[in-house]
Amino acid sequence: MNMQNDDGQMWALVKEKPEVGLWMKRVPIPEVGPNDVKIKIHKTAICGTDVHIYEWNQWAQDTIPIGLTAGHEYVGEVVEVGAGVRGYKPGDLVSGEGHITCGKCRNCLEGHKENCRDAKGVGVNRNGAFAEYLVIPHVNVWPCNPNIPEELYSIFDPFGNATHSALYYDLIGEDVLITGAGPIGCMAAAIAKFAGARHVVVTDFNPYRLDLAKKLGATHTINLKEERLDDVMKKIGMAEGFDVGLEMSGNPGGLSDMIHHMKHGGHISLLGLQPKDSQIDLETVIFNGLVLRGIYGRKVWDTWYKMSTMIQAGLDISPIITHRFDIQDYQKGFDAMVSGQAGKVILNWENIN
(Lines give C-alpha, C1' and ligand atoms only; values in the text may rest on other atoms or scores of the structure.)
Protein backbone atom coordinates (compact mmCIF):
# COMPACT_ATOMS: atom_id res chain seq x y z
CA MET A 1 0.00 0.00 0.00
CA ASN A 2 2.41 2.66 -1.10
CA MET A 3 0.41 4.47 -3.76
CA GLN A 4 0.17 8.21 -3.25
CA ASN A 5 -3.00 10.28 -3.50
CA ASP A 6 -2.46 11.80 -6.92
CA ASP A 7 -5.21 9.89 -8.72
CA GLY A 8 -8.19 11.33 -6.80
CA GLN A 9 -8.41 8.06 -4.85
CA MET A 10 -7.72 7.15 -1.22
CA TRP A 11 -7.57 4.03 0.93
CA ALA A 12 -10.69 3.20 2.96
CA LEU A 13 -12.10 0.26 4.94
CA VAL A 14 -15.22 -0.68 3.03
CA LYS A 15 -18.10 -3.13 3.52
CA GLU A 16 -17.54 -4.56 0.08
CA LYS A 17 -19.44 -7.84 0.41
CA PRO A 18 -22.51 -8.98 2.39
CA GLU A 19 -20.48 -11.26 4.65
CA VAL A 20 -18.10 -11.14 7.61
CA GLY A 21 -15.23 -8.68 7.13
CA LEU A 22 -14.14 -5.24 5.97
CA TRP A 23 -11.90 -4.67 2.96
CA MET A 24 -9.17 -2.09 2.34
CA LYS A 25 -10.08 -0.52 -1.01
CA ARG A 26 -9.27 2.45 -3.21
CA VAL A 27 -12.28 4.78 -3.28
CA PRO A 28 -12.77 8.36 -4.56
CA ILE A 29 -11.67 11.13 -2.20
CA PRO A 30 -14.88 12.90 -1.08
CA GLU A 31 -15.67 16.34 -2.53
CA VAL A 32 -15.81 19.42 -0.32
CA GLY A 33 -19.07 21.41 -0.50
CA PRO A 34 -19.28 25.14 0.37
CA ASN A 35 -20.11 24.43 4.05
CA ASP A 36 -17.88 21.38 4.49
CA VAL A 37 -14.53 20.64 6.07
CA LYS A 38 -12.14 17.97 4.77
CA ILE A 39 -10.22 16.13 7.51
CA LYS A 40 -7.07 14.06 6.99
CA ILE A 41 -7.53 11.19 9.46
CA HIS A 42 -4.74 10.60 12.01
CA LYS A 43 -6.31 7.98 14.29
CA THR A 44 -9.58 6.07 14.46
CA ALA A 45 -11.10 3.87 17.14
CA ILE A 46 -13.24 0.77 16.59
CA CYS A 47 -16.80 1.04 17.94
CA GLY A 48 -19.18 -1.80 18.83
CA THR A 49 -21.22 -0.56 15.85
CA ASP A 50 -18.20 -1.15 13.58
CA VAL A 51 -17.97 -4.69 14.98
CA HIS A 52 -21.66 -5.25 14.06
CA ILE A 53 -20.88 -4.01 10.53
CA TYR A 54 -17.79 -6.23 10.41
CA GLU A 55 -19.70 -9.29 11.68
CA TRP A 56 -22.67 -8.49 9.41
CA ASN A 57 -25.35 -9.17 12.04
CA GLN A 58 -29.06 -8.63 11.45
CA TRP A 59 -28.94 -4.93 12.36
CA ALA A 60 -26.08 -4.37 9.89
CA GLN A 61 -27.86 -6.30 7.13
CA ASP A 62 -30.96 -4.13 7.64
CA THR A 63 -29.03 -0.83 7.86
CA ILE A 64 -25.71 -0.78 6.00
CA PRO A 65 -25.47 -0.33 2.22
CA ILE A 66 -22.85 -2.50 0.49
CA GLY A 67 -19.91 -0.28 -0.49
CA LEU A 68 -20.13 1.92 2.63
CA THR A 69 -16.94 3.16 4.28
CA ALA A 70 -17.32 2.39 8.02
CA GLY A 71 -16.01 4.25 11.09
CA HIS A 72 -17.08 7.28 13.12
CA GLU A 73 -14.58 7.62 15.99
CA TYR A 74 -11.59 9.68 14.88
CA VAL A 75 -9.19 12.58 15.20
CA GLY A 76 -7.39 14.32 12.36
CA GLU A 77 -6.36 17.63 10.85
CA VAL A 78 -8.21 20.02 8.59
CA VAL A 79 -6.75 20.04 5.05
CA GLU A 80 -9.44 21.96 3.16
CA VAL A 81 -12.49 24.10 3.95
CA GLY A 82 -15.47 25.10 1.79
CA ALA A 83 -15.95 28.69 0.63
CA GLY A 84 -18.64 29.34 3.26
CA VAL A 85 -16.68 28.04 6.25
CA ARG A 86 -15.33 30.40 8.91
CA GLY A 87 -13.30 29.51 12.00
CA TYR A 88 -11.39 26.51 10.64
CA LYS A 89 -8.20 26.43 8.60
CA PRO A 90 -5.80 23.79 7.28
CA GLY A 91 -3.63 22.39 10.07
CA ASP A 92 -6.31 22.62 12.81
CA LEU A 93 -6.59 19.45 14.91
CA VAL A 94 -10.24 18.35 15.02
CA SER A 95 -12.67 15.59 15.79
CA GLY A 96 -16.37 15.65 14.96
CA GLU A 97 -19.93 14.86 15.99
CA GLY A 98 -21.02 11.76 14.07
CA HIS A 99 -24.73 12.54 13.93
CA ILE A 100 -25.40 14.82 10.95
CA THR A 101 -28.67 16.51 11.93
CA CYS A 102 -31.29 18.06 9.65
CA GLY A 103 -31.19 21.55 11.23
CA LYS A 104 -34.87 22.22 10.57
CA CYS A 105 -37.01 19.86 12.67
CA ARG A 106 -38.47 21.18 15.92
CA ASN A 107 -35.75 19.60 18.09
CA CYS A 108 -32.90 20.97 15.96
CA LEU A 109 -34.43 24.46 16.02
CA GLU A 110 -34.86 24.24 19.82
CA GLY A 111 -31.19 23.24 20.23
CA HIS A 112 -31.90 19.58 21.04
CA LYS A 113 -29.95 18.11 18.16
CA GLU A 114 -29.52 14.81 20.01
CA ASN A 115 -33.26 14.25 19.34
CA CYS A 116 -33.22 15.17 15.63
CA ARG A 117 -35.77 12.92 13.95
CA ASP A 118 -33.76 12.74 10.72
CA ALA A 119 -30.16 12.37 11.92
CA LYS A 120 -27.74 10.54 9.60
CA GLY A 121 -24.82 8.63 11.10
CA VAL A 122 -21.28 9.01 9.77
CA GLY A 123 -20.03 5.51 8.91
CA VAL A 124 -23.59 4.13 9.11
CA ASN A 125 -25.87 6.09 6.75
CA ARG A 126 -23.06 7.89 4.89
CA ASN A 127 -19.37 7.19 4.29
CA GLY A 128 -17.29 7.25 7.44
CA ALA A 129 -13.90 7.89 8.96
CA PHE A 130 -12.09 4.60 8.29
CA ALA A 131 -10.41 6.37 5.38
CA GLU A 132 -7.57 8.74 4.60
CA TYR A 133 -10.02 11.64 4.36
CA LEU A 134 -13.45 12.45 5.79
CA VAL A 135 -15.71 15.32 4.71
CA ILE A 136 -18.37 16.59 7.17
CA PRO A 137 -20.40 19.81 7.56
CA HIS A 138 -18.43 22.48 9.44
CA VAL A 139 -21.18 22.60 12.11
CA ASN A 140 -20.20 19.03 13.04
CA VAL A 141 -16.49 19.80 13.58
CA TRP A 142 -15.07 19.88 17.12
CA PRO A 143 -11.82 21.83 17.65
CA CYS A 144 -9.28 19.85 19.70
CA ASN A 145 -7.29 21.33 22.56
CA PRO A 146 -3.58 20.55 21.98
CA ASN A 147 -3.16 19.91 25.74
CA ILE A 148 -5.43 16.85 25.57
CA PRO A 149 -3.72 13.72 24.12
CA GLU A 150 -4.70 13.22 20.49
CA GLU A 151 -5.70 9.58 20.91
CA LEU A 152 -8.28 10.53 23.56
CA TYR A 153 -10.05 12.65 20.96
CA SER A 154 -10.38 9.58 18.75
CA ILE A 155 -12.69 8.09 21.42
CA PHE A 156 -14.73 11.23 22.19
CA ASP A 157 -17.76 9.68 20.44
CA PRO A 158 -18.17 6.73 22.90
CA PHE A 159 -16.82 8.82 25.80
CA GLY A 160 -19.67 11.17 24.89
CA ASN A 161 -22.24 8.35 25.12
CA ALA A 162 -20.94 7.60 28.62
CA THR A 163 -20.95 11.29 29.60
CA HIS A 164 -24.47 11.93 28.26
CA SER A 165 -25.81 8.84 30.08
CA ALA A 166 -24.01 9.41 33.39
CA LEU A 167 -24.41 13.17 33.77
CA TYR A 168 -28.12 13.19 32.96
CA TYR A 169 -28.73 12.87 36.71
CA ASP A 170 -27.12 14.33 39.80
CA LEU A 171 -24.48 11.85 41.03
CA ILE A 172 -22.98 13.52 44.11
CA GLY A 173 -23.10 11.06 47.01
CA GLU A 174 -25.37 8.72 45.03
CA ASP A 175 -25.16 4.96 44.56
CA VAL A 176 -24.81 4.05 40.88
CA LEU A 177 -25.42 0.69 39.21
CA ILE A 178 -23.90 0.11 35.74
CA THR A 179 -24.95 -3.00 33.84
CA GLY A 180 -22.38 -3.88 31.16
CA ALA A 181 -18.61 -3.35 31.44
CA GLY A 182 -17.95 -2.63 27.78
CA PRO A 183 -15.84 0.44 27.04
CA ILE A 184 -18.80 2.82 27.50
CA GLY A 185 -19.82 1.20 30.80
CA CYS A 186 -16.22 1.43 32.04
CA MET A 187 -15.94 5.10 31.06
CA ALA A 188 -19.31 5.78 32.72
CA ALA A 189 -17.89 4.28 35.93
CA ALA A 190 -14.95 6.69 35.73
CA ILE A 191 -17.30 9.65 35.20
CA ALA A 192 -19.64 8.64 38.04
CA LYS A 193 -16.74 8.33 40.48
CA PHE A 194 -15.26 11.63 39.26
CA ALA A 195 -18.66 13.31 39.67
CA GLY A 196 -18.82 12.32 43.35
CA ALA A 197 -20.84 9.08 43.44
CA ARG A 198 -20.50 6.98 46.59
CA HIS A 199 -20.78 3.37 45.37
CA VAL A 200 -20.24 2.63 41.68
CA VAL A 201 -21.17 -1.01 41.06
CA VAL A 202 -20.57 -2.59 37.63
CA THR A 203 -21.99 -5.97 36.57
CA ASP A 204 -20.94 -8.18 33.65
CA PHE A 205 -19.91 -11.76 32.81
CA ASN A 206 -16.52 -10.84 31.31
CA PRO A 207 -13.65 -10.86 33.88
CA TYR A 208 -11.28 -8.91 31.58
CA ARG A 209 -13.73 -6.05 31.24
CA LEU A 210 -14.67 -6.07 34.92
CA ASP A 211 -10.96 -5.62 35.72
CA LEU A 212 -10.94 -2.68 33.32
CA ALA A 213 -13.99 -1.17 35.09
CA LYS A 214 -12.12 -1.41 38.38
CA LYS A 215 -9.08 0.37 36.90
CA LEU A 216 -11.37 3.17 35.72
CA GLY A 217 -13.03 3.81 39.06
CA ALA A 218 -15.73 1.22 39.79
CA THR A 219 -15.84 0.70 43.57
CA HIS A 220 -17.30 -2.81 43.19
CA THR A 221 -17.43 -5.16 40.21
CA ILE A 222 -19.70 -8.20 40.06
CA ASN A 223 -19.13 -11.20 37.83
CA LEU A 224 -22.72 -12.43 37.59
CA LYS A 225 -21.49 -16.01 37.03
CA GLU A 226 -20.07 -15.96 40.56
CA GLU A 227 -21.85 -13.35 42.66
CA ARG A 228 -25.32 -11.94 43.21
CA LEU A 229 -26.12 -8.23 43.24
CA ASP A 230 -28.21 -8.65 46.45
CA ASP A 231 -25.23 -10.09 48.32
CA VAL A 232 -22.91 -7.25 47.30
CA MET A 233 -25.52 -4.64 48.26
CA LYS A 234 -25.82 -6.24 51.72
CA LYS A 235 -22.05 -6.35 52.07
CA ILE A 236 -21.66 -2.62 51.37
CA GLY A 237 -24.62 -1.65 53.54
CA MET A 238 -27.10 -0.57 50.86
CA ALA A 239 -30.61 -0.92 52.18
CA GLU A 240 -32.94 0.81 49.73
CA GLY A 241 -31.50 0.26 46.26
CA PHE A 242 -29.53 2.29 43.73
CA ASP A 243 -30.27 5.96 43.09
CA VAL A 244 -29.06 5.97 39.48
CA GLY A 245 -28.86 3.11 36.97
CA LEU A 246 -26.89 3.20 33.71
CA GLU A 247 -27.96 0.35 31.41
CA MET A 248 -25.04 -0.21 29.02
CA SER A 249 -25.36 -3.92 28.19
CA GLY A 250 -28.37 -4.07 25.88
CA ASN A 251 -29.20 -7.29 27.72
CA PRO A 252 -32.84 -7.73 28.86
CA GLY A 253 -31.61 -9.61 31.95
CA GLY A 254 -29.36 -6.68 32.86
CA LEU A 255 -32.22 -4.21 32.54
CA SER A 256 -34.55 -6.43 34.59
CA ASP A 257 -31.89 -6.78 37.29
CA MET A 258 -31.55 -3.00 37.38
CA ILE A 259 -35.28 -2.29 37.63
CA HIS A 260 -35.54 -4.64 40.62
CA HIS A 261 -32.59 -3.10 42.47
CA MET A 262 -33.42 0.61 42.25
CA LYS A 263 -34.65 2.71 45.16
CA HIS A 264 -38.22 3.94 44.82
CA GLY A 265 -38.08 7.06 42.63
CA GLY A 266 -34.73 5.98 41.13
CA HIS A 267 -33.48 7.16 37.74
CA ILE A 268 -32.31 4.96 34.87
CA SER A 269 -30.44 5.93 31.68
CA LEU A 270 -30.96 3.42 28.87
CA LEU A 271 -28.08 3.45 26.39
CA GLY A 272 -27.65 -0.26 25.54
CA LEU A 273 -29.81 -1.24 22.59
CA GLN A 274 -32.41 -3.79 23.73
CA PRO A 275 -33.89 -6.43 21.41
CA LYS A 276 -37.20 -5.36 19.84
CA ASP A 277 -39.14 -8.02 21.76
CA SER A 278 -37.51 -7.22 25.11
CA GLN A 279 -40.01 -7.33 27.99
CA ILE A 280 -39.79 -5.30 31.19
CA ASP A 281 -41.68 -5.41 34.47
CA LEU A 282 -43.74 -2.24 34.10
CA GLU A 283 -45.65 -2.96 37.30
CA THR A 284 -42.43 -2.43 39.29
CA VAL A 285 -41.55 0.66 37.24
CA ILE A 286 -44.98 2.15 38.01
CA PHE A 287 -45.35 1.16 41.69
CA ASN A 288 -41.76 2.18 42.46
CA GLY A 289 -42.00 5.48 40.57
CA LEU A 290 -38.94 4.79 38.43
CA VAL A 291 -37.80 7.20 35.71
CA LEU A 292 -36.50 5.53 32.51
CA ARG A 293 -34.71 7.77 30.05
CA GLY A 294 -33.62 6.71 26.55
CA ILE A 295 -30.19 8.12 25.63
CA TYR A 296 -29.01 8.43 22.04
CA GLY A 297 -25.68 9.89 21.04
CA ARG A 298 -24.35 13.04 22.67
CA LYS A 299 -25.75 16.49 23.39
CA VAL A 300 -24.33 18.94 20.86
CA TRP A 301 -22.24 20.57 22.10
CA ASP A 302 -22.93 20.36 25.87
CA THR A 303 -21.53 16.83 26.17
CA TRP A 304 -18.38 17.69 24.19
CA TYR A 305 -17.61 20.64 26.48
CA LYS A 306 -18.10 18.45 29.57
CA MET A 307 -15.76 15.78 28.17
CA SER A 308 -13.00 18.30 27.47
CA THR A 309 -13.32 20.11 30.79
CA MET A 310 -13.54 16.91 32.88
CA ILE A 311 -10.27 15.70 31.33
CA GLN A 312 -8.68 19.09 32.06
CA ALA A 313 -9.99 18.83 35.64
CA GLY A 314 -8.23 15.48 36.13
CA LEU A 315 -10.57 12.75 34.89
CA ASP A 316 -8.37 9.96 33.49
CA ILE A 317 -10.04 7.63 30.97
CA SER A 318 -6.76 6.61 29.28
CA PRO A 319 -6.74 3.02 30.70
CA ILE A 320 -9.76 2.24 28.48
CA ILE A 321 -7.38 2.28 25.47
CA THR A 322 -5.88 -1.22 25.58
CA HIS A 323 -4.71 -1.86 22.00
CA ARG A 324 -3.01 0.25 19.33
CA PHE A 325 -2.34 -0.96 15.78
CA ASP A 326 -1.19 0.49 12.50
CA ILE A 327 -4.11 0.64 10.06
CA GLN A 328 -2.39 -1.97 7.86
CA ASP A 329 -3.01 -4.38 10.79
CA TYR A 330 -6.70 -3.47 11.10
CA GLN A 331 -7.61 -7.18 11.12
CA LYS A 332 -5.76 -7.58 14.45
CA GLY A 333 -7.79 -4.67 15.82
CA PHE A 334 -11.10 -6.29 14.89
CA ASP A 335 -9.91 -9.66 16.22
CA ALA A 336 -9.15 -7.99 19.58
CA MET A 337 -12.62 -6.37 19.68
CA VAL A 338 -14.43 -9.58 18.71
CA SER A 339 -12.50 -11.55 21.38
CA GLY A 340 -13.98 -9.39 24.16
CA GLN A 341 -10.47 -9.12 25.64
CA ALA A 342 -10.10 -5.44 24.78
CA GLY A 343 -11.21 -1.99 25.80
CA LYS A 344 -10.89 0.60 23.04
CA VAL A 345 -8.73 -0.28 20.02
CA ILE A 346 -6.96 2.58 18.21
CA LEU A 347 -5.92 2.35 14.54
CA ASN A 348 -3.20 4.72 13.35
CA TRP A 349 -3.61 5.99 9.76
CA GLU A 350 -0.49 8.14 9.61
CA ASN A 351 1.63 5.59 7.69
CA ILE A 352 -1.07 4.44 5.26
CA ASN A 353 1.01 5.43 2.24
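Ile280 counts as partly exposed because its relative accessibility is 34%, where buried means under 20%, exposed over 50% and partly exposed in between, with a 1.4 Å probe and protein chains only. The model is predicted: local features need pLDDT of at least 70 and side-chain atom pairs count only at pLDDT 80 or more, while totals for chains, interfaces and linings use all residues. Residues are numbered from 1 along each chain as its sequence is written, and side-chain values use heavy atoms, without hydrogens and water.

**Surface around Ile280**
- Ile280 lies in the loop between β14 (262-270) and α10 (282-287); helices (H or I, at least four residues) and strands (E, at least two) are DSSP runs numbered from the N terminus.
- Together with Leu282, Ile286 and Phe287, Ile280 forms a nonpolar surface patch of about 440 Å² accessible area.
- Such patches take residues with over 30% relative accessible area and no salt bridge, nonpolar side chains being joined within 5 Å.
- A salt bridge is a side-chain nitrogen of Lys or Arg within 4 Å of a carboxyl oxygen of Asp or Glu.

**Sheet**
- Six strands form an open sheet with parallel pairing, in the order β12-β11-β10-β13-β14-β15; pairing requires at least two DSSP bridges between two strands.
- β12 (220-223) and β15 (291-294) are the edge strands, each pairing on one side only.
- β11 (residues 200-204) pairs with β12 in the parallel sense over four bridges, and Asp204 has Asn223 in β12 as its bridge partner.

Note on methods: Patch = residues over 30% accessible without salt bridge, like charges linked within 9 Å, V, L, I, M, F, W, Y side chains within 5 Å. Areas by Shrake-Rupley, 256 points an atom, 1.4 Å probe, with all protein chains shown as cover.
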